[in-house]
Amino acid sequence: MSANNTSKASESGKAQQQPEEYEEGEAFINPEEVADVIADDDTAEPDWMEEDSDHDDGSGSGKQEEEEDQDNGEEQEEGNAAAGEGEEVLLEDDSVQGFFGHGSNSSVFSVDISPADGGLVVSGGEDDTAYVWRADSGAVVAKLDKHTDSVAAVRFSHDGALVAAAGMDGKINVYEPANEYRRCAALDGPDEAQWLAWHPRGSVLLAGGGSDGSMWMWSLPGGGFMNVFNGHSAAVTCAQFTHSGRGIVSGAEDGSLLVWDPKTAAVVRRFSPDDERFHQDGITALALAADDQVVLTGSMDGSAKLVHIGNGTILGSLDNATESVEAVGLCSVLPLAATGSVDGSLSIWDISAMRLRTTLKHDDSVTRLAWHADSPLLTSVSMDCSVRTWDARTGECVRVWRGHQEGIMDFAMTPDGSTIVTASDDGCCLVFAR
């Protein structure tokens, strides 16, 4: 990858529409109802050609000399090309550290930062392995047990006392950092484990992603089975516990969004494509408001939906992407939402009025986004190999980081956004500091 000009990249990442020029997103809403809910809570010719022309006497000798000179020119060009192959190509790299243990031929799919130690990182990838390593040095702390298929998800528990690695082989291993990363549980769950979600207060783990649409829940560190959740008709793509820990929200490839009681595994609320106002294709991502009442979903149908899971109301539809919406997020300090799409757009929405505030731009698909804690700033990553931090109030791209040679699949950051760790298709994890 050739070097890019950072300032030029920043310009390309600026808003395509100014925030002040509001543009209506297509929506079916009751604005007063939404406002009430929210309130609560991208020559000159060579000399040899001239000489040959002057000396051509018509006998053909000029043509012969021209052919000889052309051959010499081609040989010189080949020599220059060969010399160029040996030249060092400078790549733009803004990272302060990196981890390369997964290998250049293995994509890294998932990464997480310990909430107990911001310098401790876990990553998992296509090499069927998860590693724990130091963000300040890149040194390996622990190489976790090898799976028989790709490690699709890695996550620390809410207090950092446990760390889990989930594989496409359906195996989920859980380890204790305080006990030299001893494996305390080896769990069998869905046929493919593609995501993990920890309880916000307790050592309870939820996993899913299998083709049968089920989710599984265990109590750790003992690994006791607690419940299996059946209700989706296709693989569950995203899920999380509510902030209170008293509920679970999940989205699936069948386009359904379900709200569950963790104790009984009963469905307490359902949104599905049967309602024409809801998604008509698979759900890819979800975000839950702090009050546990409002959920934002993204879908392969190119839309995002805002729903009230307490009363079952569809509050509105955020429609401006031309391709699948792969990332969504809700700001904790302002009534703003963000949606990221395969079309490279990162859209900021005023959800109190259900209006598009501004559309920002990556040069390729947006894969993940996250709001900074108690801040109007958000960070996004993309298949364009960049990490960008934005001020949602103004639409300004306040920082661009580069360093990867292939697309970024996942990222994690400290709550204030001062440290960002990325996982990429190039087999590397990079650490960026603000």
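**Overall picture**

Reply: Of the chain's 434 residues, 53% count as buried, meaning under 20% relative accessible area, with exposed being over 50% and partly exposed in between (1.4 Å probe, protein chains only). This is a predicted model, where local features need pLDDT of at least 70 and side-chain atom pairs count only at pLDDT 80 or more, while totals for chains, interfaces and linings use all residues. Residues are numbered from 1 along each chain as its sequence is written, and side-chain values use heavy atoms, with hydrogens and water left out.

Me: How many helices and strands does the chain have?

Reply: There are 4 helices and 33 strands. Those are DSSP runs numbered from the N terminus: helices are H or I with at least four residues, strands are E with at least two.

Me: And what does the accessible surface come to?

Reply: About 19,100 Å², and 44% of that belongs to carbon and sulfur atoms (Shrake-Rupley method, 1.4 Å probe; for residues, only the protein chains shown count as cover).

Me: OK, cores. Which residues have the most contacts inside the largest nonpolar one?

Reply: Leu296, Leu306, Leu330 and Ile351, in a core of 17 residues. A nonpolar core here is a set of buried Ala, Val, Leu, Ile, Met, Phe, Trp, Tyr and Cys residues joined through side-chain atoms within 4.5 Å.

Me: Which elements give two or more residues to this core?

Reply: β19 (283–288), β20 (294–299), β21 (304–308), β22 (313–318) and β23 (325–330). β23 gives the most, with 3 residues.

Me: How are β19 to β22 arranged?

Reply: They form an open sheet in the order β19-β20-β21-β22, with antiparallel pairing. Two strands pair if DSSP finds at least two bridges between them. β19 and β22 are the edge strands, each pairing on one side only. β21 and β22 pair over 5 bridges, and Leu306 stands opposite Gly316 in β22.

Me: Where does Ser324 sit, and is it buried or exposed?

Reply: Ser324 lies in the loop between β22 and β23, and it is buried, with a relative accessible area of 11%. The Ser324 side chain makes a polar contact with the side chain of Glu326 (2.5 Å). A polar contact is a pair of N or O atoms within 3.5 Å; within protein, one must be able to donate a hydrogen and the other to accept it, and residues adjacent in sequence count only if both atoms are side-chain atoms.

Me: Switching to β7. Why is it largely enclosed?

Reply: Because 5 of the 6 residues of β7 (residues 151–156) are buried. β7 pairs with β8 (residues 163–167) in the antiparallel sense over 5 bridges, and Val151 stands opposite Gly167 in β8. The two strands form a hairpin with 6 residues between them, and Gly160 in the turn has a positive phi of about 75 degrees.
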